[in-house]
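Thanks for making time this morning. I would like to walk you through one structure, a few residues at a time, and you are welcome to follow along on the screen.

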Amino acid sequence: MEKYKVSDCAIVEFDRHHSDRKGNLTVVENGETLPFNVKRVYYLYDVPGGESRGAHAHKKLEQLIIAASGSFTVTLDDGKCKRSFFLNHPYKGLYVKPGLWRDLNDFSSGAVCLVLASEMYQKEDYIRDYDEFLKFVQSK
Ligand code: TYD
């Protein structure tokens, strides 16, 4: 399994289809706009101000994280370096490689965090203990 760094993750910008005075539309399509095929979609919402989500790593899962509404910050950590990304546009997504710890915080009121995931939900793919995460990255 490959070992990824926070520098391997980046914000991807998608096309916006403008419709005069009727808003915008953005498409994310398997095989076209994404580096992986989406098997699952979930979204986080009603996160109270000051609360954090995440606090885990995935062993294999890849994700694209989009601020579908509002804004929040995603901080990625590869065990050596941390990097924070502020997401506040529905036409931009953060591509998160496997094996990185993530913390989500600074949710604005009404923020919706849309996550496109490369795998079905598997409890065994999660690392929720930070020391265990450090051992996992050092063992690679
Ligand atoms: P979790 O991944 O810990 O959320 P976050 O990283 O945003 O804090 O998931 C929260 C709860 O939801 C946990 O009990 C597992 C459950 N869950 C599912 O059942 N299926 C899923 O696809 C996801 C992402 C979570």
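This is a predicted model: local features need pLDDT of at least 70, side-chain atom pairs count only at pLDDT 80 or more; totals for chains, interfaces and linings use all residues.

Most residues other than glycine have a negative phi. Ala-55 is also not a glycine and has a positive phi, of about 55°, but its place is in strand β5, residues 53–58, and with a relative accessible area of 35% Ala-55 is partly exposed.

What, then, surrounds Thr-75? Thr-75 sits in strand β7, which covers residues 72–77, and at 15% relative accessibility it counts as buried. Leaving aside residues up to four places away in sequence, Thr-75 touches Lys-82, Arg-83, Ser-84, Trp-101, Arg-102 and Asp-103, and with Ser-84 there is a side-chain to side-chain polar contact of 2.8 Å.

Turning to charge pairs, a search of the whole structure finds one salt bridge. Glu-119 forms it with Lys-39, and the closest N and O atoms are 3.4 Å apart. Because Glu-119 lies in the loop between β11 (112–117) and β12 (126–127), while Lys-39 lies in the loop between β3 (23–25) and β4 (40–44), the pair ties together parts that are 80 residues apart in sequence. Glu-119 itself is partly exposed, at a relative accessible area of 27%.

Asp-129 is found in the loop between β12 and α1 (130–138), and its side chain reaches the backbone nitrogen of Glu-132 at 2.9 Å. At 40% relative accessibility Asp-129 counts as partly exposed, and its C-alpha atom is separated by 42 Å from that of Gly-23, which is 106 residues away along the chain.

Finally, the largest pocket has a volume of about 150 Å³. Its lining is made up of Lys-3, Tyr-4, Lys-5, Asp-78, Gly-79, Lys-80, Val-137 and Gln-138, which by class gives four charged, two polar and two nonpolar residues.

Conventions: Residues are numbered from 1 along each chain as its sequence is written. Side-chain values use heavy atoms; hydrogens and water are left out. Helices (H or I, at least four residues) and strands (E, at least two) are DSSP runs, numbered from the N terminus. Buried means under 20% relative accessible area, exposed over 50%, partly exposed in between (1.4 Å probe, protein chains only). A polar contact is a pair of N or O atoms within 3.5 Å; within protein, one must be able to donate a hydrogen and the other to accept it, and residues adjacent in sequence count only if both atoms are side-chain atoms. Contact means heavy atoms within 4.5 Å. A salt bridge is a side-chain nitrogen of Lys or Arg within 4 Å of a carboxyl oxygen of Asp or Glu. On a 1 Å grid over the protein atoms alone, a cavity is a set of points where a 1.4 Å probe fits but cannot get out, and a pocket is an open set with protein on both sides within 12 Å along at least five of seven lines; lining residues have an atom within 4 Å of a point. Grid points are joined across faces, edges and corners, and a volume is the space filled by probe spheres set on the points. Ala, Val, Leu, Ile, Met, Phe, Trp, Tyr, Cys and Pro count as nonpolar, Asp, Glu, Lys and Arg as charged, and the others, Gly among them, as polar.
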